[in-house]
Amino acid sequence: MKVLLISANTLRIPYPVYPLGLDYVAGSLDSRYQTKIVDLNDFTSPESLEAMIREFSPDFAGVSIRNIDNTDVINCRSFLPEYQNLMRQIRTNSQAKIILGGSGFTIFPVEFMRELDADYGIVGEGERLSQLLDALEKKADVEEIPGVLTKEKTDIVYEPYSGKINRHFDPASPHTSFYLSYGGMLNLQTKRGCPFQCSYCTYPHIEGGRMRFYEPREIARNARELQDAGAKYIFITDSAFNASYDHSSQVAEAFIEAGVSIPWGGFFVPTVPPADYFKRMADAGLTHVEFGTESLSDTVLANLHKPFTSSEVFTAHQQALDSGLHIAHYFLLGGPGENKQTLQETLTGIDNLSKAVFFFFCGVRIYPHTALYDVALREGQIAAGANILPPVFYRSPGITAPEIMKMVEDKANGRLNWLIGAGEAKATRILPKLYRRGFTGPLWEYLIQ
Ligand code: B12
Ligand code: SF4
């Protein structure tokens with residue numbers, strides 16, 4: 001049996017992202033299957049992709065759907081037409097049964113099954129592919145497998161995967177070379193799940209609300225593999241790396257023991273860390289901290305169900321700064337309770353966050369399975385059962401999106417370290433040039449003033 005796993009994500013903003021999920025999917029399949037991972041970033045023309053599909057002649061094609069759109073309220077771009085095109089290419093060049101999966105798919109499984117007319121889908125963790133293929137081979141009932149969808153079965157059983165999780169990383173694969181030559185960034189997961197319940201966030205739904213940790217020494221071994229393959233930077237993809245201070249500290253210690261010497265970064269919650277936490281992280285190679293701050297108004301933070309207040313943000317920021325780290329804060333403006341006054345509190349509060357980059361998203365996307373979805377439903381902003389695959393953003397009665405933009409732009413006053421929207425314009429202009437010149441890592445630190 002031949003299984004072709006395709007990463008369909010060609011977005012290069014802010015930089016191309018190594019398809020980590022497919023390493024795990026491939027790692028779950030045993031040697032009975034001839035498995036090949038391909039990445040659309042690696043193909044220079046549609047013809048070369050089609051020729052590869054014909055030549056490999058897969059029995060099954062697993063398509064990884066990561067991004068739905070760029071989640072930019074101002075300049076929104078959907079990737080659905082590209083996925084539809086890929087489906088046509090697979091269908092016309094092979095007899096493969098097509099199986100969808102990935103984080104974007106997991107948010108809107110029924111919608112994607114319909115829009116892409118796929119044969120099967122797997123919601124959540126792709127390790128279940130081996131169970132699905134097994135069942136198909138034995139002509140058993142696939143609908144019994146949690147997370148599996150068919151053309152007929154559209155009700156979904158969400159259940160975290162409890163079997164063995166194994167990453168298959170191939171340093172010699174063509175797509176690994178692509179990422180090494182374009183920014184040098186590879187990625188790593190240290191656990192799955194987020195224990196917090198921020199009202200707008202999809203992560204606990206995608207990965208589960210309970211943290212499931214990988215063994216720190218095993219993660220450090222994986223990190224060494226990436227380093228030995230030539231990675232110049234590692235992004236830790238956990239929903240929030242410091243959601244467990246214990247586990248993240250153990251990972252950092254294991255990095256030191258394993259001789260991981262390349263820089264790394266990830267998403268952090270701006271809660272107050274234990275003494276010396278950031279210092280110990282920096283000793284283990286952490287260079288970039290990306291805080292999911294969202295607001296500096298305590299009213300808005302409470303409405304978004306964030307697990308911290310603004311004063312904790314200032315403390316966490318200072319400790320990271322004192323440890324010599326590069327810091328970015330993400331802001332999500334326009335949620336429930338946002339008005340001119342709360343926005344002003346946020347913009348004024350930013351004056352206390354020295355030497356950082358600020359990413360502003362001026363509209364909160366409504367996703368299913370979130371508390372915000374229920375708020376929007378109650379407020380009549382969306383109708384029950386409405387198709388929200390084309391993005392719908394929450395509208396705060398207290399302020400409009402153009403008013404938010406104007407206030408942020410006025411305060412930004414052209415400063416380079418204030419990036420509004422997905423930052424596509426600035427990123428498209430600057431980043432590819434720097435990567436071509438051999439710069440590596442996320443590079444936003446160059447914007448810090
Ligand atoms: C880390 C991360 C980032 C980092 C990535 C850094 C890096 N070098 O890796 C950064 C900050 C750069 C980033 C940027 C963006 N991101 Co992001 N990101 C994530 C995050 C938190 C984790 C992704 C990840 O790697 N997970 C770990 C791997 C192992 O899991 P996985 O890929 O999901 O794979 C598992 C399953 O999905 C499944 N699976 C995957 N593929 C397949 C295929 C098959 C066939 C099957 C059966 C199963 C399967 O099995 C895997 C193993 O269990 C997710 C949220 C989340 N918690 O999932 C958002 C997420 C993927 N990002 C999202 C978005 C929108 C973006 C941006 C477009 C934001 C922006 N406007 O700039 C950019 C796009 C960047 C790009 N070039 O694609 C969205 C995508 C959905 C959507 N709304 O469109 C997500 C889901 C968050 C959200 N808002 O809901 N992101
Ligand atoms: S926003 Fe961050 S901390 Fe909150 S639920 Fe999502 S991943 Fe967890």
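Modeller: The names of the elements come first: helices are DSSP runs of H or I with at least four residues, strands are DSSP runs of E with at least two, and both are numbered from the N terminus. With that numbering, N413 is found in the loop between helix α16 (401-412) and strand β17 (418-420). The model is predicted, so local features are described where pLDDT is at least 70.

H369 can be set beside it. Phi of H369 is near 60 degrees, again positive in a residue other than glycine. The loop that holds H369 runs between β15 (364-365) and α15 (371-378). H369 has 14 other C-beta atoms within 10 Å, so it is partly exposed.

The peptide bond leading from I13 to P14 is cis, and its omega is near -5 degrees.

Strand β1 (residues 2-7) pairs with strand β2 (residues 34-39) in the parallel sense, over six bridges. Across this pairing, S7 stands opposite D39 in β2. Between β1 and β2 the chain passes through helix α1 (residues 20-27), and this β-α-β crossover is right-handed.

Which element gives the most to the shell around ligand 1? It is α1, with five residues. The shell has 44 residues, and those that come nearest to ligand 1 are G21, G62, S64, G101 and G126. Besides α1, the elements giving two or more residues to the shell include β3 (60-64), β4 (97-101), α4 (103-107), β7 (185-188) and α8 (203-207). Sorted by class, the shell holds 20 nonpolar, 18 polar and six charged residues. Ligand 1 lies between domain 1 (2-150) and domain 2 (183-447), because both domains give residues to its shell.

One residue of β4 deserves a word of its own. K97 has its place in strand β4. It has 17 C-beta neighbours inside 10 Å and so counts as partly exposed. From K97 to L226 is 129 residues in sequence and 32 Å in space, C-alpha to C-alpha.

E225 gives another pair of this kind. E225 is found in helix α9 (residues 216-229). With 16 other C-beta atoms within 10 Å, E225 is partly exposed. The C-alpha atoms of E225 and P171 are separated by 8.1 Å, and these two residues are 54 apart along the chain.

Ligand 2 has its own set of residues. Around ligand 2 are C194, F196, Q197, C198, C201, Y203, P204, S239, A240, V269 and G292. By class, this shell has eight nonpolar residues, three polar and no charged.

Strand β12 is the next stop. Of the nine residues of β12 (residues 286-294), eight are buried, so the strand is largely enclosed by the rest of the structure. Which strands pair with β12? Strand β11 (residues 264-268) pairs with β12 in the parallel sense over five bridges, and G265 stands opposite H288 in β12. Strand β13 (residues 326-332) also pairs with β12 in the parallel sense, over six bridges, and V289 stands opposite I327 in β13.

The largest nonpolar core has 83 residues, and the ones with the most contacts inside it are A223, I234, L333, F358 and F360. Strand β14 (residues 356-361) gives the most to this core, with six residues. At least three residues of the core come from each of domain 1 (2-150) and domain 2 (183-447). Both domains also give residues to the shell around ligand 1.

Notes
Residues numbered from 1 in each chain as written. Chains lettered and ligands numbered in written order. Predicted model: local features only at pLDDT ≥ 70, side-chain atom pairs only at ≥ 80, totals over all residues. Pairing = 2+ DSSP bridges. Right-handed = clockwise from strand over helix to strand, strands pointing away. Near = placed C-beta within 6 Å. Nonpolar A, V, L, I, M, F, W, Y, C, P; charged D, E, K, R; others polar. Domains from an automatic or database assignment. Core = buried A, V, L, I, M, F, W, Y, C linked by C-beta atoms within 7 Å. Buried ≥ 20, exposed ≤ 12 C-beta atoms within 10 Å, placed from the backbone.
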